[in-house]
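Please read the points below in order, with the structure open alongside.

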Amino acid sequence: MKHFWREVGFLLRQRASVWAVTLLAGLALLSVGLGLHDVAKQKAAISQVIDLQKQDSAAIKVFATEAGDAAYYRFHPTWNPPAPLAFAALGQRDIAPSIMRIRALALEGQIHENEAQNPELALPGRFDFAFVLIYLAPLVLIVLFYDLWSGEREAGRLASLEAMPLARSHLWFPRILARFGVVSAALIPVFWIGALISGAGLRDTIAFTGLIVALLGFWTLFAAWIAKGRGGSPTNAAVLATVWFAITLIAPAGANLVINATTPIPDGAAILRENREAVHDAWDLDRAATLQRFYKFHPELASSPPMQRPFEWKWYFAFQHLGDQQVESLSTFYRTGIAKRDARAGLVALALPPLAIQRAFHRIANTDLAAQSAYQDRIRAYHTQLRTYYYPYLFLAKPFTPADFDATPEFSDRLAE
Amino acid sequence: MRRAVLIARAELALMFRSHVALIGVIALLLLSAIAAATSQAHMAQERFSRLANQTQTDALFEAQPARHPHRMVHYGSYVYRPIGPLAGFEPGIDPFSGTTLYLEGHRQNSATISAVRENSSLMRFGQLTPAFVLQTLAPLLLIFLGFSMITREHMRGSLRLLLTTGVTPRDLILGKSLALGLVGLIALAPAWLALLMMAIAEPSEAGAAALMALGYGLYVLIWVFGIVAASALAQSGQAALLSLIGIWCFIAIVAPRGAAELAGRLEPLETRAATDLMIQAELRQLGDSHNPDDPFFAAFKARTLAQYGVTKIEDLPFNFRGAVSAEGEALTSRLFDKYFVELATTQRTQSQIVSLVSIASPAIAVRRISMAGAGTDLETHLRFLQQSEAHRFAMVQYLNRLHRDKLSQADDAARSKDPLAEQRTRIAADNWAKVPDFAFKPTSAKERMLAAIAPILTLAFWLASVMVLAGWSARVLRARAL
């Protein structure tokens, strides 16, 4: 242990190392601050919309005395609240909406809506803790390691150091550990502060910390391995930087190209359009036949009397649902295609540690693609709940009272686990 | 100058003999070629697919049967953001923004279906495009090849020897810059070639392509002089290398992200859901079409009746319901426009804040030139949204005019209850073809060139600064050698 502290002491007397580590800690602190602010902003936006929606619904309640009017005009908020650790790895949360308003109409035309963000800001990526860890921390480790052996060799001390008894356990091992320890100490406490403020659970915090240690450990071992080689200091630095660049920038971009080429998905625009065609074609089709097709999905409503007028809300909502049914297979294919792309990225990550860690971060922070599609699944389930809530009023002449307007099911953000 | 050329030639010979340098250059060229080919092919396919979607959507609209015109208002239309000829070089925001917009009555939808939501998280690590290779990768290669150009001479003691033979430090800096500049030129060659080919294929884009080529040329030159100056000023090779990698990391990786965060903090945006609800609330304040006693619509009725000198809407020479629809749509559209101006202003300010940070990072400036030149910047997207809204409004109002002029008031009122009246409210299908098609007017080549001027000047300022730095490093070198 005393060897370890001695090496830490040496390290902290080198101006360049202190600079690099302090800068890293400062950037980590900044990223945590930005992440916490972002998460707070998303939470505020969610409650703002829920409030605004209440006022909107109150105004609709005044004139929507029929169930059909209420189902048509009234939007219902759905939201995807950030998990406590989202501050550290924002993942897809900047490009996918955290809150969406849904009606009992055909869902495919609603669920693909986008957030009104500035694409130029999404383009470079986020400055979150995961970024500092995966992009910047390895560079600091490279700075601390590249000349560990070659520096001694170039100063003519290497032979005498190697000749020391117990050089391995008393010198090199503490040196490696000291570097690893200092970088860990620059990052982990900063993350813990963030986790404490955001109220993250102990289990997730420990798992996250484990991932931080794993990533720093990987780069420590790799950098030490290269540094121990025969190369001179500049060569080592160049090799390490090249490898860092190759596995954090080039390989993911290349893998993405290959995955997209080998995993085609249906054209999303076509799903939207076909949904619309199916919905609007119904206006010119035989109304009774449309209802019969709908009753196949909802036999409990088949006792509804035949239509008396050219327009009845029940028929309108029946063909909305048929429109969703029409594109269901295409839509499923679209979603499974995206999930398959993500699964293949997971395979690529097996060979690329930074990617694997990034994905694990996003999983724990619930900000990955799977979290987005889980949110969409919750929206789908809620939409079913919503439309089936209205059906008895529309089809079975159940009277719709103001109390029924208020009793409409509400979205629940509890994670379906 | 002759001496500088000799020094450059010697340096290049050395690089050529060193396998590492050769492999580095070949790897970069290979990556450039792969990036250029795949990106171009992908964007060409996207362009084709959007064009095909647009054609099909327009054909579907015209093929709709005889209907009530308000049905067509709700049937609506889709528009797909077209892709300019240079987007293969720099896809810019295209994969990060929705490409498909649904246009319908009373509502303003968001642009949806974006590549970033259809891809695995790998995409957020960066995309292999010619622009990425030049902006991020090429400087790193130049650093590896150039960091020790002068420190090496210094360490070996050959520097003093050189200076005694009559070579001035200026010659040395110039010669080394010339050699590294030639490597930079090789790195640029595939991109310049690609831009040249695009300019030949689409002569109207030649000006924008030339500006992009100029921007990347300046950017590479900044790195060349910066690297040579760092090599002259550093005490050792590794000090030069480490500080250059640190600078590269800041310029190419940290600053663009930091600038985006800064812009997002200083100019926050409302969520789409909140904006929609605010529009609805304001709309209700102005005029509520669901309220039979609403003052706005009551005033509209009184005004219309007075204008035609009648006392009942039944006596009007047209279908009053269509006129109310048109009036309501105009009201909604005014609010959409008002909130869109707010959104666009905020987003433009955000992008300006990012541009300001290019004072600290030429990578931001070159990306700006690249995206503006290729027409894949925020401005193109905002124009798409704005023109789509104008198209939506024109389409809906055309249909509302049909609703007003071609339908009998009595039939229109009875159509939900009376099947025969419902049949009579359907108007002929040939009316649908008369809705004008959406023709996107992207930023003109001239506008894009104008937008590139400020970042070009920023790069020119950067280049002048690093050249001054290189000149100063020559003086330091002389002092150190003596």
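1. Salt bridges overall. A search of the whole structure, taking a salt bridge as a side-chain nitrogen of Lys or Arg within 4 Å of a carboxyl oxygen of Asp or Glu, finds 44 of them over all chains. One of these is formed by the side chains of Arg272(B) and Glu113(A), at 2.8 Å from N to O. Because Arg272(B) lies in helix α10 (residues 272-286) of chain B and Glu113(A) in the loop between α4 (108-111) and α5 (119-122) of chain A, this pair joins two chains. Helices here are DSSP runs of H or I with at least four residues, numbered from the N terminus.

2. Basis of the values. This is a predicted model, in which local features need pLDDT of at least 70 and side-chain atom pairs count only at pLDDT 80 or more, while totals for chains, interfaces and linings use all residues; side-chain values use heavy atoms, with hydrogens and water left out. Residues are numbered from 1 along each chain as its sequence is written, and chains are lettered from A in the order in which they are written.

3. Extent of the interface. With contact taken as heavy atoms within 4.5 Å, 98 residues of chain B touch 95 residues of chain A. The area buried between the two chains, that is, the accessible area (1.4 Å probe) lost on putting them together and summed over both, is about 8,400 Å², and carbon and sulfur atoms give 59% of this. Arg117(B), Phe125(B) and Arg257(B) supply 11% of the area that chain B buries against chain A, more than any other three residues.

4. Helix α9 (residues 237-266) of chain B gives the most to the side of chain B that touches chain A, with 16 residues. By class, that side of chain B has 43 nonpolar, 34 polar and 21 charged residues, where Ala, Val, Leu, Ile, Met, Phe, Trp, Tyr, Cys and Pro count as nonpolar, Asp, Glu, Lys and Arg as charged, and the others, Gly among them, as polar.

5. The largest cavity. On a 1 Å grid over the protein atoms alone, a cavity is a set of points where a 1.4 Å probe fits but cannot get out, and lining residues have an atom within 4 Å of a point. Of its 29 lining residues, the closest to the centre are Leu123(A), Pro124(A), Gly126(B), Phe132(B) and Arg367(B). The element that gives the most to this lining is α9(B), with 5 residues, and the lining as a whole has 18 nonpolar, 7 polar and 4 charged residues.

6. The second largest cavity. This cavity holds about 220 Å³ of space, and among the 18 residues that line it, Asp128(A), Gln358(A), His362(A), Arg124(B) and Arg257(B) are the closest to its centre. Here α6(A) gives the most to the lining, with 4 residues, and by class the lining has 6 nonpolar, 7 polar and 5 charged residues.

Conventions: On a 1 Å grid over the protein atoms alone, a cavity is a set of points where a 1.4 Å probe fits but cannot get out, and a pocket is an open set with protein on both sides within 12 Å along at least five of seven lines; lining residues have an atom within 4 Å of a point. Grid points are joined across faces, edges and corners, and a volume is the space filled by probe spheres set on the points.
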